[in-house]
Amino acid sequence: MKYKWKQGMTAIALTSVMTLSLASVSAAASAPKAQEPIPGWASAEIAEWKGLGLLKGDENGYVLPNNGVLKTEFITFINRVFNFTEKSDRTFPDVPENAWYASEIAKAVASGALEGGTDGKISPLETLTREQAALILYRVFTVSPAVKEVEPFQDDTKIASWSKAAVYAMKEAGYVTGTPEGAFQPKKALTRAEAVKMINNVMGKLVADTGTHSDLAGKNLVVNTAGGTLSGVKLSGHLYITAGVGEGDLTIENAEIGGTIYVNGGGSHSIKLKNVKAGRIAVNKRSAPVRVALSGSSSVPAVDVISGAQVDNGTENPIESFNIEGANEVGVSGPVQLLNVNAAASLNVGESTIADLRVSSRAGGSRIALGAKAKVKNFTANAGATVTGEGEIGTATVNAPGVALAKKPGKLNLTAGEVKIGGETVTKGNETTTPPGTGTPGTGTPGTGTPGTETPGTETPGTETPGTETPGTENPGTETPGTENPGTGTPGTETPGTNPPIEQPTRLYSYDEALSAFAETGAEGLVKQYIAFIQDPTYKPSTANPKVVMPDMTNATTFVNHDFDIKPSIFASLRGVNTSVLNGARTTLWIGTDNGVTRISLANNAMKSYTTDNSQLTDNKVLLLIADGSTGVYAITKNGVSHIYQ
C-alpha cells in the first residue's frame, strides 16, 4: 500500500500570501533561480517538507524561511497537521467571506485554535508573535499546565498575562527553550522557519494515510487519517487521534504510550487498542460518539470522557479512574475501580464490575442505567440522580436529596433527608438493608460525601494582541524535548502496591463558585463552612471563639470555633506557617504560608511548590489546608480555593 509518513516533521504546504493564494500554487513549484539561504538549525526539517512536495514556495520556488509567518499561515499549518475539516459559522469583520484564507480561519475557530480579540476581530494577516504561537499550540495539542516549579524566563515580565500559562506549559514540556541567555522574546515576530520548528517540536511524528506502520518511536505522534494500523509504537509522550479520522476506524496494537491517548476522532466500530499500555485516555469527539475498545493485555489507569462515548474494557485489568466530565451519553463495560460522574450525564453500565461509582455535587440530574450484569460495590450520590435497571448495588451512600434507586441496595447509608427506592420513600432513620442473598454485599468503605475528582477547564486566555516587531530568528540550538505530565487525568483512589497517583492540574475556584458547586458534606462541606466563617463580618480570626482561651500564635487566622472538625496546623506556633496537614498514610506533608503551598514527600524530603506564578493558586496567602479524602488538598486562600491533586 502506498503511504507517506514523516519523522520529526509534518509535511504541509504553505505559499506566501504576498505573492500567491493557496489555491493558485501548482503541485510542482518551479526550482529557485538561485540558491536560497536556509538557516542551518532548520535545514533538515525544511528539506524534508520540500522533499515530500508539501512545502511550496513562491513563483520562484523560494520558501522564504526568514519571513515573518502570518497568523493565517500558521493556523493553516495546524489545520493540515490535524486534518481539520469542520468549520465555524462565526464571522469576523476583518475576514472577508471570499478571502482565500476564510476557510482556514473558520476551521481554526471551530477547533478552538483561534478565539479572536475582545474587539471581535481575528487579525488574520498580522505577523504572529512567539507568545501567540505558543498559545495556539497549547490549545490544539492540549498541553498540560505547568505543575512543577519552572524557572522563569529572563524576560518573564514581558510575557502577557493571557499567554503566560501557555508559555510555561510549553517550556515545562520541553517544546520551547528560549535563547542561550534565557529569554523567551514573547513579542518577537515568528519566522516561517521558526514556525516549522515550533510545530514540529510538539507534533513529533505524523501518520496521514491508511497504511500499516510498525515500530514508530519518539515523543509524540499525530494520526489524522482513518483506516490505518499502528503496531509496536513506543512513545514517551502522547498519541493524538485527531478529528481528521472522522467516523473511521483505527487499530493500535502492542504499543506503549507514556502519556495520553487523545481520542478526538473515530467511529462506532471503533478505536481498537490491543495489548496497549498508556498513562491515560481522553475522549473528546465533537460530533457523533466514538467507541474505544480495549482488549488483550491492555492497561490504562485513567480514562476521561468529555464527549459522548462507549468505552469497552475487554481486559482483566480494571480502569483505575474513569471520569465523566461532560453532559453526554456515555457507556461503559468491563472492570472499573472508580467511576466519577462529574457532569449531568446519561450513563449506561453494561456487563461491568465497578468498585466505586460516585455522583459528584456538579452532576445533579444524572441518569444511570445498570444493565442486568452490572455490579456496583459502592455507590455514593452527592447530588440528585436516578438509577434504573436490574443491576446490583452493594452499599449506597446518599448525601443529597433527589436520589432515586430502582432496586434496594445491600446496605443503605442515608445522610440526606430521604431517598426513593423502588418508587417508595425511605427517610433518614428508617433505612433498611436488603436481606442476605438478595443483593451484592459491599466490600468497601462507604463514601464520605466527598465528590470524585475534577478535570480543570481549559484556561481561555484573553485577547491576542500582537506586537509589530521586526521578525528575527530562533535560537539555532535544538530544543530538547522534556518529559511532560501525561495530561489532565483525575487520580481517584489508590490501592497500595499499584501504580502511583496520576498527577493532574489544579482546579481554581472563587469563593462564590465553591459555595455553589461544592457538596455539603465531606471535605467540600468543610471548605464551605470555613468560607462562611471568614465571610462573616462578626468573625474575628484572632479570637474565633471568645469562650475559648487561645494562645498568641502567628497562624491564628486559621483557627475557627471549637466545633470545627479541622486541625489548622500541626505546627501551630511555628512562625511563617499558616496551616499544614499530614496525609493519612503519613507520607506527605502539606504546608501553607503567605507565599503559597509546599508539598513535602517524607520519604525523600522532595518538595514541590504551588503558587500564583505556576497558576496553582488564586493568590499566595494560604489560610487553611483541608485534605480532600484522596491524595490532595483544598487550599483556601485570601481570595479563592484551589483543589490541588497529587
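Strand 28 lines up with strand 29 (residues 588-593) in the antiparallel sense, and 4 bridges join the pair. One spot to look for is Thr-579, which sits opposite Gly-592 in strand 29. The model shown here is a predicted one. These two strands belong to an open sheet of 4 strands, which runs in the order 28-29-30-31 with antiparallel pairing. Strand 28 (579-582) and strand 31 (607-610) take the edges; each has a single partner strand, so one side of each is left without a neighbour in the sheet. From one strand to the next, the twist averages 15 degrees.

Helix 2 makes a handy check on helix geometry. At 1.5 Å a residue, the 12 residues of helix 2 (residues 71-82) should span 16 Å, and the C-alpha atoms at its ends lie 17 Å apart, which agrees. Most of helix 2 is covered, with 11 of its 12 residues buried. Among the buried ones are Phe-74, Ile-75, Phe-77, Ile-78, Val-81 and Phe-82, along with Lys-71 and Glu-73. Just past the end of helix 2 comes Asn-83, with a positive phi of about 60 degrees.

Elsewhere, two helices pack together. Helix 4 (residues 130-140) and helix 6 (residues 192-203) meet at an angle of about 25 degrees, and their axes are 11 Å apart. An angle under 35 degrees counts as roughly parallel, and helix 4 and helix 6 are therefore roughly parallel to each other. Their crossing is right-handed. On the helix 4 side the contacts come from Arg-130, Ala-133, Ala-134 and Leu-137, which meet Met-198, Ile-199 and Val-202 of helix 6.

Technical notes:
Residues numbered from 1 in each chain as written. Predicted model: local features only at pLDDT ≥ 70, side-chain atom pairs only at ≥ 80, totals over all residues. Heavy atoms only, no water. Pairing = 2+ DSSP bridges. Axes fitted to C-alpha atoms, helices over the stretch in contact; angles between N-to-C directions. Expected span 1.5 Å × (residues − 1). Buried < 20%, exposed > 50% of the residue type's maximum accessible area, 1.4 Å probe, protein only. Parallel < 35°, antiparallel > 145°, perpendicular 65-115°, else oblique. Left-handed = near helix turned anticlockwise from the far one by under 90°. Contact = heavy atoms within 4.5 Å.
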